[in-house]
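Thank you all for coming. I would like to take you slowly through one model today, so please have the structure open as I talk.

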Amino acid sequence: MSENRIPLALADAGGLPDAGRILVLRPGAGADLSALPRDRALIATGFRPDHDRWQAAGWTVARAPEGDFAAAVLFLPRARALARALMHDLSGRLPPDAPVVVDGQKTDGIDSALKDLRSRATILSAVSKAHGRAFVAANPGPAAFEGWQAADHTVLPGFVTRPGVFSADGVDPGSALLAAHLPAGLRGRGADLGAGWGWLAAQVLSRPEVRDLHLVEAEADALDCARRNVTDPRARFHWADATGFAPGHTLDFVVTNPPFHQGRAADPGLGAAFIRAARRLLQPQGQLWLVANRTLPYEEVLAGAFGEVATVAADHGFKVLRAARPLVRRRT
Ligand SMILES: C[S@@+](CC[C@H](N)C(=O)[O-])C[C@H]1O[C@@H](n2cnc3c(N)ncnc32)[C@H](O)[C@@H]1O
């Protein structure tokens with residue numbers, strides 16, 4: 001929650017310009033947009049659940065900004081490289097000295113973002129409230145942010161990542177463990193729920209009997225990387241919320257390394273929603289292959305959704321679980 005910091009910071013900085021579009025970057029589910037004129041705002045977020053939620057609430061939403069704006073509001077992402085890339089990009093879309101509001105929690109690095117900005121821009125106001133901060137900077141122009149551009153990064157031969165995507169520096173050890181335990185004879189039609197930049201999907205597609213694989217990913221940047229990384233014609237790409245994904249046919253298998261964080265806090269509810277999605281998607285003989293941090297309590301959710309659950313491997317703080325015989329969902 002931005003806890004009304006934005007209206008306070010804006011009031012101290014002289015408010016928003018009276019005309020022109022306002023760019024609102026990556027507001028999360030609890031973001032307070034009450035200070036912003038809805039008719040002039042464009043929300044840009046690559047995270048599909050947020051994109052759809054704001055759109056359903058009547059806002060104009062795009063996957064990425066296009067064109068110029070009179071002011072911007074950036075909800076600080078946790079990844080510093082992504083925050084910097086967004087600052088660089090928005091700066092080129094605003095006139096010099098236009099207000100740029102940055103809002104975030106202390107745990108997401110808002111204090112170091114302010115420090116970062118202070119040496120490059122004039123700070124017009126700053127408000128600290130509710131474990132977070134909002135500040136307004138006068139746009140210094142993109143030259144002040146030279147070197148902050150988003151750059152694709154080759155992490156392995158044939159695999160690129162981008163700032164802010166999950167495990168951007170290399171293969172996640174959980175996914176590596178899962179890949180090592182997937183059967184060589186994995187077959188039929190499958191999905192990778194939360195496919196990230198596609199490494200795990202590529203390992204699935206190294207199994208020759210896989211007929212096709214849906215890569216379902218909510219972060220547009222990660223899916224863009226996956227499209228570049230996974231060139232196998234059996235791959236299908238979906239910018240979608242895995243919990244509502246509907247391919248139009250049942251699946252023989254699902255693999256997943258589900259998300260386990262909402263902001264800073266571990267949230268096993270996300271993984272549980274992925275497990276329920278797998279139960280819904282699988283045909284009666286279908287199998288779910290899941291990797292998770294050993295401390296995450298997924299066994300109970302799995303036991304409620306599948307007739308058969310086994311721990312296949314446990315190593316380096318991760319566990320690989322296989323579940324079969326999806327239970328028909330009873331009406332409650
Ligand atoms: C733990 S990561 C695993 C990524 C990838 N499979 C790998 O091994 O590197 C979980 C992924 O789920 C994505 N994600 C988060 N919420 C999602 C949702 N509701 N629907 C689909 N993907 C989601 C995240 O963006 C992230 O890429």
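What we are looking at is a predicted model, in which local features need pLDDT of at least 70 and side-chain atom pairs count only at pLDDT 80 or more, while totals for chains, interfaces and linings use all residues. Residues are numbered from 1 along each chain as its sequence is written.

So which residues are closest to the ligand? The ligand is surrounded by 20 residues, and the closest of them are Ser175, Gly194, Gly196, Ala218 and Ala242. If we sort this shell by class, counting Ala, Val, Leu, Ile, Met, Phe, Trp, Tyr, Cys and Pro as nonpolar, Asp, Glu, Lys and Arg as charged, and the others, Gly among them, as polar, we find 10 nonpolar, six polar and four charged residues. Helices (H or I, at least four residues) and strands (E, at least two) are DSSP runs numbered from the N terminus, and in those terms helix H6 (199-205) and strand E11 (210-217) each supply at least two residues of the shell.

Strand E11 also takes us into a sheet, where two strands are said to pair if DSSP finds at least two bridges between them. This is an open sheet of seven strands, in the order E12-E11-E10-E13-E16-E18-E17, with mixed pairing. Strands E12 and E17 stand at its edges with a single partner strand each, so one side of each is left without a neighbour in the sheet. From one strand to the next the twist averages 15°, where axes are lines fitted to C-alpha atoms, for helices over the stretch in contact, and angles run from 0 to 180 degrees between N-to-C directions.

Let me go through some of the pairings. Strand E13 (residues 251-256) and strand E16 (residues 282-293) run parallel and are joined by five bridges, with phenylalanine 253 standing opposite glutamine 287 in E16. Strand E16 is in turn joined to strand E18 (residues 318-326) by seven bridges, this time antiparallel, and there alanine 292 has lysine 319 of E18 as its bridge partner. E17 and E18 are antiparallel as well, with eight bridges between them, and glutamate 308 is partnered by alanine 324 in E18.

Is alanine 191 buried or exposed? A residue is buried if 20 or more other C-beta atoms lie within 10 Å of its own, exposed if 12 or fewer, and partly exposed in between, with C-beta atoms placed from the backbone; alanine 191 counts as buried because it has 27 C-beta neighbours inside 10 Å. Taking contact to mean C-beta atoms, placed from the backbone, within 7 Å, and leaving aside neighbours within four places in sequence, alanine 191 is in contact with Leu213, His214, Val216, Pro247, Leu251, Val254 and Leu281.

Helix H7 (residues 220-229) lies across E11 and E12, at about 165° to E12. Its buried residues are Asp221, Ala222, Leu223, Cys225, Ala226 and Asn229, and what covers them includes strand E9 (159-161), H6, E11 and strand E12 (235-239).

Two backbone angles deserve a remark. Most residues other than glycine have a negative phi. Histidine 316, in the loop between strand E17 (306-315) and E18, has a positive phi of about 45°, and it counts as exposed because it has 9 C-beta neighbours inside 10 Å. Arginine 325, in strand E18, has a positive phi near 60° and, with 15 C-beta neighbours inside 10 Å, counts as partly exposed.

Finally, the cores, a nonpolar core being a set of buried Ala, Val, Leu, Ile, Met, Phe, Trp, Tyr and Cys residues joined through C-beta atoms within 7 Å. The largest has 57 residues, of which Leu178, Ala201, Val204, Ala226, Val254, Ala278 and Leu302 touch the most other members. Apart from this core lies another, of 46 residues, among them Ile43, Val61, Val101 and Leu117.

How values were computed: Near = placed C-beta within 6 Å. Contact = placed C-beta atoms within 7 Å.
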